[in-house]
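Me: I would like to learn how to read a pocket and a helix crossing. Please take them one at a time.

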Amino acid sequence: MNKFISCLEDILVNIAAASLFLIMMVVAADVFLRYMFNAPLAWSYDLISMYLMVILFFFALSNTLRVDAHIAVDILHIKIQPRTRHACLAIGYWLALGVFLLVLERSLIETWSSFINNEVSDGLIAWPIWLSWISVPIGVALLLLRIIFRAIGHSLSVIKGEDIIELPLVSGHEKE
């Protein structure tokens with residue numbers, strides 16, 4: 001299961017990286033054209049803000065969790081036993097599951113509504129809104145898979161009393 005989720009995360013994080021590259025290229029081209037020829041790209045802001053930034057954020061979300069790069073307050077983790085840490089993490093992941101299920105549901109509703117109603121942006125180019133929204137449920141669905149994997153892994157670690165899933169490293173106490 002972990003390998004399957006990791007494979008999907010690798011695909012999405014590569015798309016996120018391509019999105020970041022495109023953002024840099026579009027901004028560079030826009031700046032060049034604006035200052036050299038007084039002809040900026042009128043569509044660049046909409047493309048970046050509506051599509052590329054959304055892809056960048058939501059497609060990298062699950063991979064960021066996989067590598068434990070999200071912000072974490074771990075000041076108490078060095079003081080508690082591994083089994084208790086697993087219990088705290090399990091509770092946190094089960095609670096996060098509920099929150100992100102709501103985010104997934106709402107984003108699917110918004111995406112579908114935008115698609116059905118053929119919503120477009122009010123700009124020079126009528127960008128389809130649903131194409132902006134679709135990145136949210138894709139990224140959140142993969143994040144949910146990672147959260148479920150971790151919630152089950154930490155719960156089983158508590159039940160069995162052994163590390164079924166590795167504990168995240170504690171800041172300042174990394175393996176050398």
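Me: How many nonpolar, polar and charged residues are in the lining of the largest pocket?

Reply: Ala, Val, Leu, Ile, Met, Phe, Trp, Tyr, Cys and Pro count as nonpolar, Asp, Glu, Lys and Arg as charged, and the others, Gly among them, as polar. Here the lining has 15 nonpolar, four polar and four charged residues. The model is predicted: local features need pLDDT of at least 70 and side-chain atom pairs pLDDT 80 or more, while totals for chains, interfaces and linings use all residues. Residues are numbered from 1 along each chain as its sequence is written, and side-chain values use heavy atoms, without hydrogens and water.

Me: Which helix gives the largest share of that lining?

Reply: Helices are DSSP runs (H or I, at least four residues), numbered from the N terminus. The largest share, seven residues, comes from α3.

Me: At what angle do the axes of α1 and α5 cross?

Reply: Axes are lines fitted to C-alpha atoms, for helices over the stretch in contact, and angles run from 0 to 180 degrees between N-to-C directions. The axes of α1 (residues 2-37) and α5 cross at roughly 150° and come within 10 Å. Therefore α1 is roughly antiparallel to α5, a term for angles over 145 degrees.

Me: Which residues make the contact?

Reply: Contact means heavy atoms within 4.5 Å. From α1 come Asn2, Ile5, Ser6, Leu8, Glu9 and Leu12, and from α5 Ile138, Leu142, Leu145, Arg146 and Phe149. By class, these residues are seven nonpolar, two polar and two charged.

Terms used: Helices (H or I, at least four residues) and strands (E, at least two) are DSSP runs, numbered from the N terminus. Angles under 35 degrees count as roughly parallel, over 145 as roughly antiparallel, 65 to 115 as roughly perpendicular and the rest as oblique.
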